[in-house]
Amino acid sequence: MEARKKKLPIGIENFEEIRTKGFYYVDKTGLIRELLENWGKVTLFTRPRRFGKTLNMSMLKCFFELGGREDIFEGLAISEAGTLCEEYMGKFPVIFISLKGIDANSFVTARELTVQMINGEARRFQHLLDSDRLTSYDKEAFTALLRTDMTEAVLCGSLKVLSELLEKHYGRKAVLLIDEYDVPLSRAYSQGYYDQMLVLIRNLFHQALKTNDSLEFAVLTGCMRISKESIFTGLNNLKVLSLADVRFDEYFGFTDSEVRELLEYYQLSRKYEDVKAWYDGYQFGNVEVYCPWDVVNYCDALRADGSAWPQNYWSNTSSNEAVKKFIQNADVGTTKSEIEKLVAGEIIKKEIYQELTYQDMYRSIDNIWSVLFTTGYLTQRGKPDRKKFYLAIPNMEIREIFTEQIMDFFKENLRKNGAAVNAFCSALQAGDAERAEKELSDYLRKTISIRDTFVKKPMKENFYHGILLGLLGYKDTWVVSSNEESGEGYSDILVRSEDEETGMVIEVKYAEDGRLENACREAVRQIERKRYAEELQEEGIGHVLRYGIACYKKRCRIMLADGCPEEQ
């Protein structure tokens, strides 16, 4: 009988749980060794969301914490570093806080959540109240950390005080782990209380990281590298390891060999090319990595259904606000052209600012490029040229996010171009293919087009299909249906007018070679050959117009079926 496979750790970010409850684990414990050998008093790792930051922080906690379980590291890479394990494993009090949950609509609530977070961590150390090494004043200071009505001074000094008390009790300095440090600032910026939250976080960090003699070392993680002047004021012992840094580059995300091993373990190697196309392509330092969240979720789907298609798992965990703002602000020809190149799988060169404040992030299109890079919507290719980076869209998943946002922006703009849309629809209804072609061409020139060399022809047709559905849907008196069974197949688009006297059948083709005329003829012949008009005729619609529409980049051709008879 085949051995039972390990469970896939979907949403499991607790290292001990993964190691003790039968979950599959991709070994990232080499990070511990490199962290100790490349010492930094305060180390900040910046990586996009869902790349294993929290799990790695949980791993660090399990390794360094007093009284931890050494057996859960057996067989892992770090166990081979015997001297380091003897010196550091299980030797320190560890303070581990996550700011991920401080997601509030107001500063009052955000502050309350911060207090609750400190309360929760302090409760783990309630045995300090029985310590014979702490004075009554020490215990009074600790009791203040358990209160929900903390003063501002107590809150800002809480991490420093807790580490001092732990050192006094254990005789060892504390290790401080702060996960997702920038989440409260992101939320505060979007909800209008950024300045207040900034002061709170700055004061909390200043005391815990700069003026703290009871600190062994600290590790922080986040998505963004917030400007040092904004939050890490005066902190001269900070080592930032961003997406561009070579050190630690393989410890966040899955490498190609790790993905191959995982797929082989679950007997899914046949899906390697799909996994690579959709979820690989991120470059951290010198290493190309996959998004772990996507790989694990897709493998789970494949185990249930071997024919499951890749899905956009990563984007479902975020609003994709950065891409949305980018598309909305792309109001100049140069930026539109650059977006088209990116979606086409090309590389562009841009100056990247890795230190920004939240107020600066969306102030200019230049800064938005930097936001897209640091949050994982764009990745680097090759080595940067000083501040100039060679940027690309990593994979199919992110490319799909861009095309969806482009389409959403197109639909939003329909309302602003009502006259042009009406002119196009009226021309189609009147059977005036030449005028309809002119109107559609004008519209395509103004929008961001898709000429993606990375995807197959049907996906390109889907983009133009979507544009036509948007334009035709503007006429709220028309009934527009897509991919409806008709005749001997499925027509691209069927349109029924309000009076049901006129109908339209539209077949869309992408002219891969740029030969629009040939593609149009093929489209109208397909309409005739597969009798797509029968559905409308059987409903009693007497006048049915049959259009072939071919597109290529920003060009189009529209042809009436009557103008392209079947070849004899």
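Is M59 buried or exposed, and what is its relative accessible area? M59 is buried, at 0%. Here, buried means under 20% relative accessible area, exposed means over 50%, and partly exposed is in between, using a 1.4 Å probe and protein chains only.

Hello everyone, and a word on the ground rules. This is a predicted model, in which local features need pLDDT of at least 70 and side-chain atom pairs count only at pLDDT 80 or more, while totals for chains, interfaces and linings use all residues. Residues are numbered from 1 along each chain as its sequence is written, and side-chain values use heavy atoms, with hydrogens and water left out.

Let's stay with M59 for a moment. You'll find M59 in helix α3, residues 53-64. When I say helix, I mean a DSSP run of H or I with at least four residues, and a strand is a run of E with at least two, both numbered from the N terminus. Who surrounds M59? Setting aside neighbours within four places in sequence, M59 is in contact with F15, Y25, K28, T29, L31, I32 and F73. Contact means heavy atoms within 4.5 Å.

Now for the nonpolar cores. A nonpolar core is a set of buried Ala, Val, Leu, Ile, Met, Phe, Trp, Tyr and Cys residues joined through side-chain atoms within 4.5 Å. In soluble globular proteins, nonpolar side chains tend to be buried together. The largest core here has 153 residues, and the members touching the most others are Y181, M197, F205, L209, L220, F232 and F424. Helix α10, residues 194-210, gives the most to this core, with nine residues. Apart from that core lies another, of 37 residues, with I12, I32, F73 and L84 among them. If you click on Y181, its contacts beyond four places in sequence include L44, L99, F205, L220 and F232.

Next, some aromatic rings. How many aromatic pairs does a search of the whole structure find? The search finds 33. Rings of Phe, Tyr and Trp (its six-membered ring) pair if their centres lie within 6.5 Å; planes under 30 degrees apart count as stacked, over 60 as edge-to-face, and the rest as tilted. One of these pairs is Y279 with Y313, which is tilted, with 6.3 Å between centres and 45° between planes. Y279 sits in helix α13 (272-279) and Y313 in the loop between α14 (292-304) and α15 (321-329), so the pair ties together parts that are 34 residues apart in sequence. Both Y279 and Y313 are buried. There is also a cluster linked by ring pairs, made of F15, Y25, W39, F63, F64, F73, Y88, F92 and F217.

R260 lies over the face of Y272, at 3.9 Å from the ring centre. The rule is that NZ of Lys or CZ of Arg is within 6 Å of the ring centre and within 35 degrees of the ring normal.

On to helix α6, residues 136-144. Its buried residues include D138, F142 and A144. Seen down the axis of α6, the buried residues fall within an arc of 155°, so they line one face of the helix. That arc is taken from the directions from the helix axis to the C-beta atoms. The face turned away carries the exposed residues S136, Y137 and E140. Among the elements covering the buried residues of α6 are α5, α7 (152-156) and α8 (158-170). Over in α5, residues 107-123, we find N119, which is buried with a relative accessible area of 3%.

Finally, the strands. Two strands pair if DSSP finds at least two bridges between them. Three strands form an open sheet in the order β9-β11-β10, with antiparallel pairing. Its edge strands are β9 and β10, each pairing on one side only. Four bridges connect β9 (348-351) and β11 (388-392), and K350 stands opposite F389 there. Two bridges join β10 (379-380) to β11, with Q380 opposite L391 and T379 opposite A392. Elsewhere, β2 (94-98) and β3 (174-179) run parallel, joined by five bridges, and I95 has L176 as its partner. Four of the five residues in β2 are buried.
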